[in-house]
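I opened this notebook to record what I looked up, beginning with the metal site and going on to the core, the helix packing and the backbone.

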Amino acid sequence: MQLALSTWPEVESYLTRSKAIIIPIGSMEQHGPTGLIGTDAICPEVIARVVGDEHEVLIGPTFNVGCAQHHLGFPGTMTLRPSTMIAAIHDWCISLARHGFTQLYWFNGHGGNTATIQAAFAEVYAGRSLETPPAKQPAIRMTSRNWWELPSVMAKCKELHPQGDGMHATASEVAVTYAAYPDQVRTQKLEPRIAPIGGFTDADHYRANFPDGRIGSDPTQATVKAGEQLIEVTANALWADFQRFIAH
Ligand code: NI
């Protein structure tokens, strides 16, 4: 079930049996010469949709531009400032809360979003705590999970790509996007095969240190077949974790 493909009476009916929603959140940023700009948004989106379809869980629209200032040295990257993103996530949460959604599970595809998502949650909780007179709306609860950190997913990534999975433009995330969009597979060779690793600050610093955009990865080993396996394993892990979240 997708929010964007539902009517309002269908959402009203959904709310009589569930107060929970999964919201994919990612980024619009370069993923090396062979990875799609939308990789970090596509991965959580396609995995969440599997769970949404199999288990009749409502999947929200993908929050698809995140904190990616360090990738702005590469054409196509878009970013939000952390302060803008906090404000936007806050408004997404409060919009859903108004209708009675009280369990918001944000399913993240970009490590660079993590701190800002947590700051946005703090903003939502503070807004309710500071309300005078005390809030009448029911309390909402939010969580955020990185898809590659769910139980058993990391092990599957390592099994599929024992060398050069990397930290950015990973073989695993690129494989997931190729499985989602098989007509978008890129096949060119990359030099060096495994990209360098290291830290970064701003966009100029990043591009100087990682000239083709990758960090530590060899995404040329990504295949549709590996991506299909990762989508299946991660969708199962997401469903299990989501059930734990709503049970509390
Ligand atoms: Ni990524």
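The model I am reading is a predicted one.

**Metal site.** I find the nickel ion coordinated by H31 through NE2, D40 through OD and E173 through OE, at 1.9 to 2.2 Å. Written along the sequence, these donor residues follow the spacing H-x8-D-x132-E. I note that D40 sits in helix α2 (residues 39-55) and E173 in helix α6 (residues 171-180), so that the pair links distant parts of the chain, 133 residues apart. I looked up burial for these two and found both D40 and E173 buried.

**Nonpolar core.** I then turned to the largest nonpolar core, which has 50 residues, and noted that I22, I89, F101, L104, W106, F107 and L238 have the most contacts inside it. Helix α8 (residues 224-247) gives the most to this core, with seven residues. Another core, of five residues, lies apart from it, and I listed V174, Y178, A222 and A226 among its members.

**Helix packing.** At what angle do α2 and α8 pack? I read an angle of about 60 degrees, with the axes 9 Å apart. That makes α2 oblique to α8, and I recorded the crossing of the two as right-handed. On the α2 side I listed V46, I47, A48, V50, V51 and H55, which meet I231, T234, A235, L238 and W239 in α8.

**Backbone.** I checked for cis peptide bonds and noted one joining T132 and P133, with omega about -10 degrees; P133 lies in the loop between α4 (114-129) and β3 (141-146). I noted another joining E191 and P192, with omega about -5 degrees, and here P192 lies in the loop between α6 and α7 (203-209).

S152, in the loop between β3 and α5 (153-160), has a phi of about 80 degrees, and with a relative accessible area of 49% S152 is partly exposed. A169, in the loop between α5 and α6, has a phi of about 60 degrees, and at 0% relative accessibility A169 counts as buried, because the cut-off for that is under 20%.

Definitions and conventions
Residues numbered from 1 in each chain as written. Predicted model: local features only at pLDDT ≥ 70, side-chain atom pairs only at ≥ 80, totals over all residues. Heavy atoms only, no water. Core = buried A, V, L, I, M, F, W, Y, C linked by side-chain atoms within 4.5 Å. Buried < 20%, exposed > 50% of the residue type's maximum accessible area, 1.4 Å probe, protein only. Helix = DSSP H or I, 4+ residues; strand = E, 2+ residues; numbered from the N terminus. Donors = N, O, S within 2.8 Å, 3.2 Å for Na, K, Ca; no water. Axes fitted to C-alpha atoms, helices over the stretch in contact; angles between N-to-C directions. Parallel < 35°, antiparallel > 145°, perpendicular 65-115°, else oblique. Left-handed = near helix turned anticlockwise from the far one by under 90°. Contact = heavy atoms within 4.5 Å.
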